[in-house]
Amino acid sequence: MIKKIIYLLFLLTFALILCGSASATYIEEPVTTGLFCESPDVSGDVIVWEDHRSGDWDIYRYDTSSGIETQVTTNTADQQNPSIDGNVIVWEDGRNIGTDIYMYDISTGTESPICENTHAQSNPDIYGNIVVWQDNRNDSVYGWLDDIYMKNLSSGVETQVTTNTADQECPAIFGRIIVWQDYRNGNWDIYMKNYQTGIETQVTTNIANQMIPKISGNIIVWQDNRNGNWDIYMYDISTGIESQVTTNATNQNNPDIDGDLIVWSDGRSGGGNWDIYMYDISTGIESQVTSSTSAQGLPAISERTVVSQDDRSANNIYMVNLNEMHVYPGDSIQSHNNVALNGCTIFVHGNSGSPATYNDNITLDHIVTVQSAGDGAVTIQAADTYLPVFTINSGGSGSTIQGFNIQGANNSFGAYLTSTSNCQLIGNTISNNFMGVYIQNSNTNTVSGNTIQGNVWNGLCLDNSDSNTINNGNEISSNGEGIYIVNSSTGNTITNNNIHNNTNAGINLLNSSNGNFITSNTSISQNGYIGVLIRGSNTNTITDNNIQSNGWAGIAVDNANGNNINGNTLFGNQEGMQLTNNSTGNTISGNFIHNNTNIGISIINSANGNTISGNTAISSNGIIGVYIRDSNNNFITGNTIQINSWVGVCLDNASTNTINGANNISGNMEGLYIVNNSNECNITANDIHGNADTGIYIEGSTGNQIISNTAISENGVVGILLRGANTTIISGNTITGNDWVGIALDNATENNIYNANVITGNQEGIYLTNYSSENVIEANTINNNTGNGISVQNSNTNIICYNLQINNNGLSGIFLQNSLDNMIYNNTMQSNGWAGVVLDTSSNTQVYHNNFINNPLQALAQKGSGNTFYQGTTGNYWSDWPSHDPRLIAGDEALYDDYPSTAPF
């Protein structure tokens, strides 16, 4: 009862003076509404108190999680001074002689006595399975001097804790330590005892009174009048250091402690207006908990729930959740943050449903959530435009800022995170600052669902910051740069955002910002320069984004290596994608790149060793589908490249590139365009068809290989055109249905057209012109072309050999005109529409060891000289000349095959 007596004495000291209500820092919620509810205690979600509503004192409890109130005791005697820990409530009970200690187990619903000695037992406290109380059974003289007793509920063993003949009262327990106030020295001191070791220790030695101790962990607190008023003191068992907690000249009494938090009743407001105050040992911050004009006393605390006895309507029990603070218009958010506990949510209110503006610069240096309360839009305007509106430093790691309009830091940042981790910016509108969000040297933070717009420089900057997440519908628009990632910022994820209408780039990665993930953004669009820029940054992943209508490039990769660009849709940009300046080892796959003004993909300026594979469409771009210039060793494989206005794939001074693996190159003006010393490229296993002009065009380039392409067909003019291109290998291709020529060589030398090319259905099968010399046409099938199978004009020293099927062509199998020193041997020319071989104004041609079968005119030689139709003793087989006699060759040269064969070779 002594703590209640102390509290009542202070209430009688002052007359009650009513004053204006202040804006509450915390919400004070009533637990009870009846008369005379006193002496509360709390453990976890359960609050207990003594209640006089039935005309006697009973114990009640209230579950904060369910909101259910329950009467614990029903005996008509008085039950008072409850204490609770976990599921067990203990109290002093008057049903027998004196008062006894009883308990109630919430989990079983069982009430039982703990001590029923015929003397008085009172002021119980409980921790775990140990109950302590004060007990006067040993005072046979005065009848009121108490000792401290304890009982182990598990073993049922009751033990006397103190044996000194003076008075010991108000015990409290935590762990193995029991504390109490002790009068053995002629004043009240605080003592403690380790009940396991049996060691008793005097805690205080000051000659003034120290009373009503509480303990949590290694900290003991009490009220102390050594300074002429009651103050709160504490003692650290682990260090042996005693320290003063309160210094206000008024009275502070009835402390309680849980963890690092001490609460007490404080009279500094005057006029009987006792309030509950709190001290955070970890931060050294003292703060006011209650601000009602009535008196609050006898506080108890557990897990940041503070309960107290409150006389605003008789005596009731109120509770405060220290995890919530509330700020109203006219208050300072920063001042509330200064006293908020780690983990607290600070709700910032609008103006009763209307908008409200707070002028503040807020620094979060411990873990809090600052959140709009949702009762009207809340704008936080920078009070000092040279400071961030919000700053979160390392101590504030884990904090959240949610639901505000953050603006007005014209020379600074809307939100500045420095050396932080695990912070969240959620659902804010961050606008009209120099920079919207600046995250520096900070990791694993989340920026989610914000509108970040109209900031002068960047909407959001990650600077030397790793593993942050920018996601969930951020709208980042109308800033200088949308998102700016610099200085080795790695492993960040940017997903599901709308990034548009920024002056420069939507997303800019530079300075070794590696291994970031830009994925599934709904729109990276209409930015003035580039959608995504990767500069000097490697191994980033850009996948499944919608990147459209940016002023120049959808994606630009500059001096950046090993990036993976996959599954994106890029359209309406000037260039869909560009790789430049030594960008190597990048992979561009599975994208849909279409309707860009100029180029779908450009690879330029020593961007070597990149792979363009499996893109579902590189189509309908204004000039070129894929453009590779001054870059080598790139791989283009498995793409669909079609309906680009000029060229499907262009190689310009680009060597040793590979175009293979079932690329579908169709519907362009030129399918594949290789020019300007683009040498030693490999074009293999592609389908190149339906282009308006040429399937493959090679000019001024050497050593290229065109091998095993499944179709070079139905192109508007030529299947393959070599112009000034030398040492090309054309092998194993199917070249059909081109409107004019299957393969055309124009001033092209030392090329090899050999090894099972199938050249059918064109107007001309193979066409050599304009001094195309020293080429070899060997082992091909050249059938059913509407004109000549092979036509050689103004071209010399070529070899046409081992072509076993030059058949069914509409005119000649082989037609030479104005050409010298060519060789035709080991070929079969059969059933061509006019002639097998025609030599027209061509000289020094050697024709031998060929099969001429069923051509209307087997051979014709006219207006030339030095032509022969045999070599040594080997002539040709003529299906219309079954004799070894010399066969006359039609024409005006009087040529004979002197050694005709009577059987096909």
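Author: The chain has two helices and 98 strands; helices are DSSP runs of H or I with at least four residues, strands are runs of E with at least two, and both are numbered from the N terminus. The model is predicted, so local features need pLDDT of at least 70 and side-chain atom pairs pLDDT 80 or more, while totals for chains, interfaces and linings use all residues. Residues are numbered from 1 along each chain as its sequence is written, and side-chain values use heavy atoms, with hydrogens and water left out.

Reader: How do you know how the chain compares with a compact globule?

Author: A compact globule of 905 residues would have a radius of gyration near 29 Å, but this chain has 47 Å. The radius is taken over C-alpha atoms, and the globule rule is 2.2 Å times the number of residues to the power 0.38. Along the principal axes, the C-alpha atoms fill a box of roughly 160 × 60 × 45 Å.

Reader: What makes a residue count as buried, and what share of the chain does so?

Author: Buried means under 20% relative accessible area, exposed over 50%, and partly exposed in between, with a 1.4 Å probe and protein chains only. Of the 905 residues, 56% count as buried.

Reader: Why is the pair R137 and D135 called a salt bridge?

Author: A salt bridge needs a side-chain nitrogen of Lys or Arg within 4 Å of a carboxyl oxygen of Asp or Glu. The side chains of R137 and D135 meet at 2.8 Å, N to O, so the pair passes the 4 Å limit. Both R137 and D135 are buried. In general, side chains of opposite charge can pair when their charged atoms come close. The structure holds 18 salt bridges.

Reader: What makes E242 and R226 a link between parts of the chain?

Author: Their side chains form a salt bridge at 2.9 Å, N to O. E242 lies in strand β21 (residues 241-244) and R226 in the loop between β19 (219-224) and β20 (231-236), so the pair ties together parts that are 16 residues apart in sequence. At 31% relative accessible area, E242 is partly exposed; R226, at 25%, is partly exposed too.

Reader: Why is D266 called buried?

Author: D266 has a relative accessible area of 0%, which is under the limit, so the residue is buried. The partner of D266 in a salt bridge of 2.9 Å (N to O) is R268. R268 has 25%, so it falls in between and counts as partly exposed. Elsewhere, salt bridges that share partners join E28, D310 and R312 into one network.

Reader: How many cavities are counted?

Author: One cavity of 30 Å³ or more is counted. The largest cavity has about 40 Å³, and the residues lining it include I276, V289 and T290. β27 (305-310) and β28 (316-321) each supply at least two residues of that lining.

Reader: How do you know what kinds of residue line the largest cavity?

Author: Ala, Val, Leu, Ile, Met, Phe, Trp, Tyr, Cys and Pro count as nonpolar, Asp, Glu, Lys and Arg as charged, and the others, Gly among them, as polar. By that sorting, the cavity lining has seven nonpolar, two polar and no charged residues.

Reader: Which residues lie nearest the centre of the largest pocket?

Author: They are D41, S83, D125, K214 and D256, out of 38 lining residues. The pocket has a volume of about 600 Å³. Elements that give two or more residues to its lining include β2 (37-43), β6 (79-85) and β10 (121-127). The lining divides into 21 nonpolar, nine polar and eight charged residues.

Reader: Why is Y771 called exposed?

Author: Y771 has a relative accessible area of 54%, which is over the 50% limit, so it is exposed. Y771 is found in the loop between β83 (764-769) and β84 (776-778), and has a positive phi of about 65° although it is not a glycine.

Methods. 1 Å grid on protein atoms, 1.4 Å probe; cavity = no way out; pocket = protein on both sides within 12 Å on 5 of 7 lines; lining within 4 Å. Points joined across faces, edges and corners; volume = space filled by probe spheres on them.
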